Amino acid sequence: MTRSEVRRSLALEWWRYLAAALAPLFVLNLLFGGGSGSAVLHMPLFIGGLASMFVSLPLFSHYKRNLVATQAALDTPNEPAAWIELARVRRLGLLGAALPAWIAALAVFSGLNAVALILLALSSVVIGGLYRIPQQLG
């Protein structure tokens, strides 16, 4: 694969992970969003969703190190392996970034407020945006 094909593939993968992060929230909210659940679980689920953002911190630092390693490996024989490793680390980071939205999807069953659901979903989108491949790479 050429470098532009790899970048295109990684860009499409980013959109797929974003859809996988947000789709459960939208589907569960569409199917079960009208009901009122246990108000006791509202705050623990929201705090759990906020705390899950911190899972992404070590994953993102690992991703940044791999970005630098991939930049250093460009135009060398190690470039394909560097891209593969970057994609692997990025997948793990994107899974970590999806945690707030997935916890929000679970919180739909407790009847969590729509504003809190939107905040958790937006936090997943923002954290996931950090995992886009920068233009300077390649």
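**Figure 1. Contact of helix α2 with helix α5 in the predicted model**. Phe46, Gly49 and Leu50 of α2 meet Ala116, Leu119 and Leu120 of α5, where contact means heavy atoms within 4.5 Å. Sorted by class, these residues comprise 5 nonpolar, 1 polar and no charged (Ala, Val, Leu, Ile, Met, Phe, Trp, Tyr, Cys and Pro count as nonpolar, Asp, Glu, Lys and Arg as charged, and the others, Gly among them, as polar). Helix α2 spans residues 42–51 and α5 spans residues 114–129, and the two pack at an angle of about 15 degrees with their axes 10 Å apart; axes are lines fitted to C-alpha atoms, for helices over the stretch in contact, and angles run from 0 to 180 degrees between N-to-C directions. The helices α2 and α5 are therefore roughly parallel to each other (angles under 35 degrees count as roughly parallel, over 145 as roughly antiparallel, 65 to 115 as roughly perpendicular and the rest as oblique). Helices (H or I, at least four residues) and strands (E, at least two) are DSSP runs, numbered from the N terminus.

**Figure 2. Contact of helix α2 with helix α4**. Helix α4, residues 79–107, packs with α2 at an angle of about 170 degrees, their axes being 8 Å apart, which makes α2 roughly antiparallel to α4. Leu45, Gly48 and Gly49 of α2 and Pro100, Ile103 and Ala107 of α4 make this contact, and by class they comprise 4 nonpolar, 2 polar and no charged residues.

**Figure 3. The largest nonpolar core**. A nonpolar core is a set of buried Ala, Val, Leu, Ile, Met, Phe, Trp, Tyr and Cys residues joined through side-chain atoms within 4.5 Å, and buried means under 20% relative accessible area, exposed over 50%, partly exposed in between (1.4 Å probe, protein chains only). The largest such core holds 31 residues, of which Leu25, Tyr63, Trp83, Leu86, Leu112, Leu117 and Leu137 touch the most other members. Two or more residues each come from α1 (3–32), α3 (56–73), α4 and α5, and the largest share, 10 residues, is that of α4. Not counting residues up to four places away in sequence, Leu117 touches Leu25, Asn29, Ala104, Ala107, Val108 and Leu112.

Figure 4. With 30% relative accessibility, Trp102 counts as partly exposed. Leaving aside neighbours within four places in sequence, Trp102 is in contact with Ala20, Ala21, Pro24 and Leu95. The C-alpha atoms of Trp102 and Leu25 are separated by 6.7 Å, although these residues lie 77 residues apart along the chain.

Figure 5. Tyr131 is buried, its relative accessible area being 0%. Apart from neighbours within four places in sequence, Tyr131 is in contact with Trp14, Ser56, Leu59, Phe60, Tyr63, Arg90, Gly93, Leu94 and Ala97. From C-alpha to C-alpha, Tyr131 and Val68 are 13 Å apart in space, while 63 residues separate them in sequence.

**Notes to all views.** Residues are numbered from 1 along each chain as its sequence is written, and side-chain values use heavy atoms, with hydrogens and water left out. In this predicted model, local features need pLDDT of at least 70 and side-chain atom pairs count only at pLDDT 80 or more, whereas totals for chains, interfaces and linings use all residues.
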